[in-house]
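I opened this notebook to record what I looked up in the structure shown here.

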Amino acid sequence: MVFIADSFRGRTPGSRPSRFPGFDVLDEVDRWDAATAGVVLARLTPSPELSFFTGVEQATAEALCDHLLAQHDEPRVPVAALIDVRLATGETDGWHYADMPEDGEAWRQTLAFLDDDATQRYGTVFGELTKDQQAAVVQAIQNLKTQRWHALPANQVWSLWTRYACTAFYSHPWAWNEMGFPGPAYPRGYKNIGLDKREPFEVAQQ
Amino acid sequence: MKVGAAMKVGASLSLYGDVRTRNDSAWLLPKAPGFPHQLRDDMRRYDETDEVDIVIVGCGAGGATLAQRLARAGWSVVAVDAGPFWDPETDWVSDERGSHSLYWTDPRLISGADPVPMGSNNSGRGVGGSMVHYAGYTPRFHPSDFATLSNDGVGADWPISYHDLRPYYEHIEHELPVAGQPWPWGDPHSYPFQAQPVSGNGDVFINGCERLGIPVRVGPVAIANGRFGNRPHCIYRGFCLQGCKVNAKASPLITHVPDALAHGAEIRAHSHVSSVLIDEHTGLATGVTYFKDGVERRQKARMVALAAYSIETPRLLLLSTSKRFKNGLCNDEGQVGHYVMVQGAPQTAGRFESEVRMYKGPPPEVSSEEFYETDPAAEYKRGFSIQNVSPLPITFAEHVIAQGHWGEALRDYMRDYVHWSSLGSLCELLPSYENGVTLASEADKHGLPVANFSYSMCDNDKQLIKAAQSKMEQILRAAGATETMTIQRFAHLVGGCRMATSAKDGVVDDHLRTFAVPNLYVTDGSVLLTQGSANPALTIMSLAARLADHLVGVSRG
């Protein structure tokens with residue numbers, strides 16, 4: 001029996017009504033292998049004391065990630081904290097575009113640029129803006145596509161942000177709950193494969 | 001579950017006997033999951049001053065196959081790998097995000113008009129190489145792939161033909177082993193195991209093709225449909241791309257390394273090779289230097305084989321400078337690092353009324369090579385294949401992001417994940433001298449300059465990718481998709497030290513021996529001249545098996 005606090009069970013990000021009523025990935029945790037359970041459950045409780053991002057960067061990173069993922073209500077998947085764990089330990093993808101700095105430095109630079117844009121347009125940092133103002137700043141960057149944003153190619157900045165944000169968010173059991181995805185599958189496997197076939201622990205989408 | 005009407009049982013299980021005369025790996029594995037620890041504990045260990053018969057750099061498709069063959073023939077073998085010696089049971093997880101350590105994540109730069117992202121998609125690390133996390137598709141090349149210049153006026157002609165490789169394709173298909181329906185394309189052939197049952201994702205592909213009259217087959221997949229030696233049956237877990245914890249999907253870690261160990265090979269993990277040593281007087285390779293635990297060491301050897309793949313093999317040659325080879329080893333003619341190829345690999349997803357739940361069942365299921373050859377009516381030369389792919393949540397989010405969605409729209413698409421099915425194409429992009437690897441000014445943790453991989457597509461490439469995308473959309477629509485979305489991407493890596501008939505056109509000869517150094521060989525995907533629309537793993541292993549036969553033959557006179 002793996003101990004998981006009740007506050008982590010049966011949740012979806014922002015407590016939205018689920019399209020998969022009653023489905024909770026964590027109900028099956030006793031059928032996961034130990035190696036997998038270890039890495040997945042650690043995502044539920046990353047340290048709130050970040051070690052890579054500075055305080056100013058943290059505020060901007062949290063606002064940016066929550067905005068990219070429409071996380072406007074509690075409980076939130078701690079996306080910025082999960083990214084911080086990666087960057088603090090240097091767990092990057094390794095490669096980077098020749099006209100971009102390595103990932104950690106790219107995060108620092110782009111968060112500062114984001115605050116610059118927010119300050120220039122609205123007189124305050126990105127994290128202090130309203131939802132609509134944040135959307136306007138972010139949309140302007142996406143619209144630049146292959147053009148430069150500050151010194152960097154906007155599409156590659158967009159790729160960096162969305163890659164890290166989606167990797168963190170869609171590795172979290174709460175995000176799997178809202179997708180109907182059962183997560184780890186070893187040694188249990190699947191028995192009912194084929195169109196419209198479900199396992200006893202899968203729930204039909206409503 | 002439904003499979004095409006042509007499904008038949010391939011060759012019978014009596015072929016076990018034949019396999020065991022070449023390779024006993026599946027019977028050396030434990031009956032429970034994991035790696036045979038006793039075999040690893042008892043592994044022969046050479047001293048670095050021992051002059052072994054061969055040191056092999058890299059322990060993936062090319063390196064592990066060569067190590068197994070030569071060890072079995074009685075050679076003293078040390079195979080060195082930069083990454084870990086994996087134990088599937090304790091080191092791998094049934095989780096997308098948690099599988100990061102399977103990829104080569106040392107720094108690399110990517111550039112050119114169409115930079116190719118690396119990492120999970122096309123790089124490996126550790127014993128087993130990138131086959132640890134490949135999907136498991138193991139098609140052969142077509143005979144036409146070996147003469148595209150003569151036949152189509154594009155690409156290059158190989159110094160060997162399909163028939164030189166054919167016996168080795170058959171051997172490796174039995175050793176992995178490969179499951180699939182009898183194959184009608186290229187050189188028609190059957191597979192040792194009958195095809196796996198297919199999931200909802202495979203059903204969609206077969207339905208769409210049947211409605212359009214496009215031939216399609218289940219396989220070829222390197223997962224036995226049944227037990228194989230001590231390897232258990234697949235459990236349809238869907239995490240093939242995260243390393244198979246079950247030991248059902250083939251990778252050299254379980255298909256060749258156990259037999260290599262049993263025949264006295266040493267696998268030296270966590271050892272990053274930094275240069276090939278050359279005797280300035282004889283011009284022969286004398287071994288390698290490598291970093292282990294931060295200390296630079298060396299291993300003496302009578303022969304050296306490089307199997308570090310299309311980025312690291314050229315990088316290692318370029319790093320191995322000496323008085324004789326000022327511009328890098330084997331690089332007098334400026335060929336090292338050039339003609340690196342990737343396949344165009346657009347993936348198209350379709351939304352269906354039914355729940356597809358494409359995460360269930362192995363991602364490799366069904367393929368069609370109907371569009372593999374040059375279509376005389378088309379504007380472009382060469383072709384593409386189509387295969388099932390089944391992106392897990394993080395990868396599927398990349399598909400949605402690629403449409404420009406974010407925020408609420410991203411979340412909405414993702415909540416609908418169970419209704420989506422997905423196809424991937426492999427498009428034969430043409431080799432170009434300009435595409436390849438140079439050394440960057442940035443250095444890795446050992447202080448060695450890292451690779452800069454530059455890649456740009458030509459017009460033929462772009463036309464092919466467009467045609468492939470349109471065909472996938474047609475198939476998904478025919479199967480009932482109400483919406484489709486496509487992500488543009490690349491897959492696989494080959495070339496960079498290509499085979500040739502003379503030193504001015506390549507780095508190695510038709511037996512993979514470097515033109516410049518008589519006892520230095522390259523035995524990985526970097527020797528390929530063209531890539532077809534086939535996943536390269538089977539061809540790389542078959543080339544290594546052919547090289548081993550040649551070396552053993554020469555040594556026995």
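I took helices (H or I, at least four residues) and strands (E, at least two) as DSSP runs numbered from the N terminus.

I noted that this is a predicted model, in which local features need pLDDT of at least 70 and side-chain atom pairs count only at pLDDT 80 or more, while totals for chains, interfaces and linings use all residues. Residues are numbered from 1 along each chain as its sequence is written, and chains are lettered from A and ligands numbered from 1 in the order in which they are written.

I then checked burial in H3 (residues 79-88) of chain A: eight of its ten residues are buried (20 or more other C-beta atoms, placed from the backbone, within 10 Å of the residue's own). Among them are A:Val79, A:Leu82, A:Ile83 and A:Leu87. Their cover includes H2 (55-68), H4 (103-122) and H6 (154-169) of chain A.

Next I turned to the interface. I found 51 residues of chain B in contact with 39 of chain A (C-beta atoms, placed from the backbone, within 7 Å). On the chain B side, E3 (108-111), H8 (200-212), H12 (393-402) and H13 (408-415) each supply at least two residues.

I also looked up strand pairing (at least two DSSP bridges). E1 (residues 95-97) of chain A pairs with E3(B) in the parallel sense over three bridges, and A:His96 stands opposite B:Leu109.

Finally, I recorded the model's scores, ipTM 0.98 and pTM 0.96.

Note on methods:
Buried ≥ 20, exposed ≤ 12 C-beta atoms within 10 Å, placed from the backbone. Contact = placed C-beta atoms within 7 Å.
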